[in-house]
Amino acid sequence: MMRTLSRLIAATMLFSFSQLTTAEQLQEFDNLQVHYIALPSTFLQPDIANQYAIKRSKYTGIINIAVIDKNNQLNAVKSQISGSGKNLLGQTEILDFREIIEGKAIYYMAIYPFTNEEIVNFSIKINSQNKTNILKFQHKFYVD
């Protein structure tokens with residue numbers, strides 16, 4: 001089942017990238033590549049969402065983070081991930097990231113509630129390899 005989730009996330013990321021932007025969503029910090037995406041939970045198949053206790057709703061988003069070591073054959077890196085999302089009204093939601101490990105792949109996922117066309121500024125703290133980095137990005141959610 002973990003392999004299924006990994007494939008689904010990869011396919012979702014590819015679909016989202018092709019639909020929303022031509023630029024890859026990643027940020028580099030020294031030797032680390034941090035790949036990130038925010039998308040509606042309805043992109044997940046119901047059985048996958050149930051397996052990982054993710055509520056599928058047109059008002060629930062998923063934030064997915066993966067940390068890769070460029071100097072170590074692009075291997076995934078265990079990290080401590082925390083952060084928050086803040087909408088334009090100044091309302092802040094603390095993100096509760098869960099670690100998902102599938103073979104050599106490691107993902108960190110959190111849920112974010114949103115309203116239609118809500119613009120959210122995310123600030124994600126990444127503690128990895130004895131360093132702390134801050135990933136900041138903005139995402140506009142749409143109800144489908």
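This is a predicted model: local features need pLDDT of at least 70, side-chain atom pairs count only at pLDDT 80 or more; totals for chains, interfaces and linings use all residues.

**A buried ring pair and its sheet**

Modeller: Six aromatic pairs occur in the structure. In one of them, the ring centres of tyrosine 112 and phenylalanine 122 lie 5.3 Å apart with the planes at 75°, so this pair is edge-to-face. The pair ties together distant parts of the chain, since tyrosine 112 belongs to strand E8 (residues 105-113) and phenylalanine 122 to strand E9, 10 residues apart. Phenylalanine 122 also pairs with phenylalanine 137, this time in a stacked arrangement with 5.0 Å from centre to centre and 25° between the planes. Here, too, distant parts of the chain are linked, with phenylalanine 122 in strand E9 and phenylalanine 137 in strand E10, 15 residues apart. Taken together, ring pairs join Tyr36, Tyr112, Phe114, Phe122, Phe137 and Phe141 into a cluster.

Setting aside residues up to four places away in sequence, phenylalanine 122 touches Ile63, Ser84, Gly85, Leu95, Tyr112, Leu135, Lys136, Phe137, His139 and Phe141. Phenylalanine 122 has a place in the largest nonpolar core as well, which holds 24 residues, and among these Ile63, Ile65, Phe97, Phe122, Ile124 and Leu135 touch the most other members. Two or more residues of this core come from each of strand E2 (32-40), strand E3 (60-69), E8, E9 and E10. Another core, of 10 residues, lies apart from it and includes Leu44, Ile48, Ile62 and Met109.

From the side chains we can turn to the strands. An open sheet is formed by four strands in the order E6-E5-E9-E10, with antiparallel pairing. Strand E6 (92-95) and strand E10 (131-141) are at the edges and have a single partner strand each, so one side of each has no neighbour in the sheet. On average, and with direction ignored, neighbouring strands of this sheet are turned by 20° against each other.

Within this sheet, eight bridges pair strand E5 (residues 80-87) with strand E9 (residues 118-128) in the antiparallel sense. Phenylalanine 122 takes part in this pairing, being the bridge partner in E9 of glycine 85. On the way to E6, four bridges join E5 to that strand, and the two run antiparallel. The hairpin of E5 and E6 has four residues between the strands, and in it glycine 90 takes a positive phi near 90°.

Serine 84 lies in strand E5 and is buried, its relative accessible area being 19%, where the cut-off for burial is under 20%. Beyond its neighbours within four places in sequence, serine 84 is in contact with Thr92, Glu93, Ile94, Leu95, Asn121, Phe122 and Ser123. Serine 84 and alanine 110, which are 26 residues apart in sequence, stand 9.9 Å apart in space from C-alpha to C-alpha. Serine 79, in turn, sits in the loop between strand E4 (75-76) and E5, and at 11% relative accessibility it counts as buried. A polar atom of the serine 79 side chain lies 3.3 Å from the backbone oxygen of valine 77. With neighbours within four places in sequence left aside, the contacts of serine 79 are Val67, Glu99, Tyr108, Ile126, Asn127 and Ser128.

The chain as a whole gives the setting for this part. The protein chain has two helices and 10 strands, which follow the pattern α-β-β-α-β-β-β-β-β-β-β-β along the sequence. Of its 144 residues, 46% are buried. Among contacts between residues at least 6 apart in sequence, 61% join residues at least 24 apart.

Methods: Residues are numbered from 1 along each chain as its sequence is written. Side-chain values use heavy atoms; hydrogens and water are left out. Two strands pair if DSSP finds at least two bridges between them. Axes are lines fitted to C-alpha atoms, for helices over the stretch in contact, and angles run from 0 to 180 degrees between N-to-C directions. Buried means under 20% relative accessible area, exposed over 50%, partly exposed in between (1.4 Å probe, protein chains only). A polar contact is a pair of N or O atoms within 3.5 Å; within protein, one must be able to donate a hydrogen and the other to accept it, and residues adjacent in sequence count only if both atoms are side-chain atoms. Contact means heavy atoms within 4.5 Å. Rings of Phe, Tyr and Trp (its six-membered ring) pair if their centres lie within 6.5 Å; planes under 30 degrees apart count as stacked, over 60 as edge-to-face and the rest as tilted. A nonpolar core is a set of buried Ala, Val, Leu, Ile, Met, Phe, Trp, Tyr and Cys residues joined through side-chain atoms within 4.5 Å.
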